[in-house]
Amino acid sequence: MLFDLDGTLVDTAPDLALALNRLLLEQGKPELPFHIIRDQVSNGGNALIELGFGVKVGEAGQAELRQRLLELYQDKVAEHSRLFEGLEQLLDRFERHPIPWGIVTNKPRIYTDLLLRELRLNPGVVVCPEDLGVSKPDPAPLLFAARQLATPPEQCLYVGDHLRDIEAGRRAGMQTLVAGFGYISTAENPSHWGADHLAHSVMELNAWVMQKIA
């Protein structure tokens with residue numbers, strides 16, 4: 001069982017929103033409502049800077065704003081972030097079974113490690129972009145994670161909340177599941193992503209996974 005991190009396994013949007021709003025206040029701009037920021041969280045720091053400041057990659061001041069955003073986020077990476085409610089029961093089941101599980105994320109290693117340490121999560125493998133020099137939707141990080149867990153790709157399930165997650169999982173030959181409770185933009189329709197299943201809630205996700213491993 002492999003998970004994306006932000007918006008799939010851990011609800012990190014509150015701390016990312018806090019960092020962006022702190023940056024906006026530093027720059028003399030008004031804060032943004034949480035639901036507007038949450039809608040863009042899965043698109044990364046560049047998207048958050050564009051949302052808050054209207055500045056795109058390559059434009060004047062963008063890199064400096066993004067760097068400051070990351071500094072603010074690193075300072076409070078797990079103040080409000082938590083496992084999505086109900087997923088702790090699934091992870092407990094994996095420990096008892098035992099079923100190997102891991103995380104494959106596009107989140108940089110420094111923030112991933114800080115977050116996992118603060119939340120006391122101990123997956124069997126964690127793959128970040130720096131590890132292989134590529135990011136999802138490239139399937140290489142998922143295939144690497146499967147090898148680390150000594151599990152054939154066709155026996156793996158990858159769960160994510162973005163089209164790139166499902167694309168990566170399918171290209172890796174894994175089963176795929178959409179975390180419909182995650183950070184999916186209102187402009188997107190995850191039912192068209194081609195996943196094996198779309199879970200609208202953690203309860204539905206748990207039930208589907210339990211059926212698979214029973």
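Predicted model: local features only at pLDDT ≥ 70, side-chain atom pairs only at ≥ 80, totals over all residues.
Helix α10 comprises 12 residues, 202-213. Five positions of α10 are buried, that is, under 20% relative accessible area: Val202, Leu205, Asn206, Trp208 and Val209. Viewed down the helix axis, the buried residues of α10 fall within an arc of 165 degrees and therefore line one face of the helix. Met203 and Gln211, on the other side of α10, are exposed. The buried residues of α10 are covered by elements that include the helix α5 (87-96) and the strands β6 (157-160), β7 (175-179) and β8 (197-199).

Leu205, one of the buried residues of α10, touches Leu87, Leu90, Val159, Leu177, Phe181 and Ala199, when residues up to four places away in sequence are not counted. Leu205 also belongs to the largest nonpolar core, which has 52 residues. Together with Met1, Phe3, Leu9 and Phe94, Leu205 is listed among the residues with the most contacts inside this core. At least two residues of the core are supplied by each of α1 (13-26), α3 (44-53), α4 (62-75), α5, α6 (109-119), β6, β7 and α10. The most is given by α1, with seven residues. Another core, of 13 residues, lies apart from the largest one; Val127, Leu142, Ala145 and Ala168 are among its members.

Methods
Residues numbered from 1 in each chain as written. Heavy atoms only, no water. Helix = DSSP H or I, 4+ residues; strand = E, 2+ residues; numbered from the N terminus. Expected span 1.5 Å × (residues − 1). Buried < 20%, exposed > 50% of the residue type's maximum accessible area, 1.4 Å probe, protein only. Arc of directions from axis to C-beta. Contact = heavy atoms within 4.5 Å. Core = buried A, V, L, I, M, F, W, Y, C linked by side-chain atoms within 4.5 Å.
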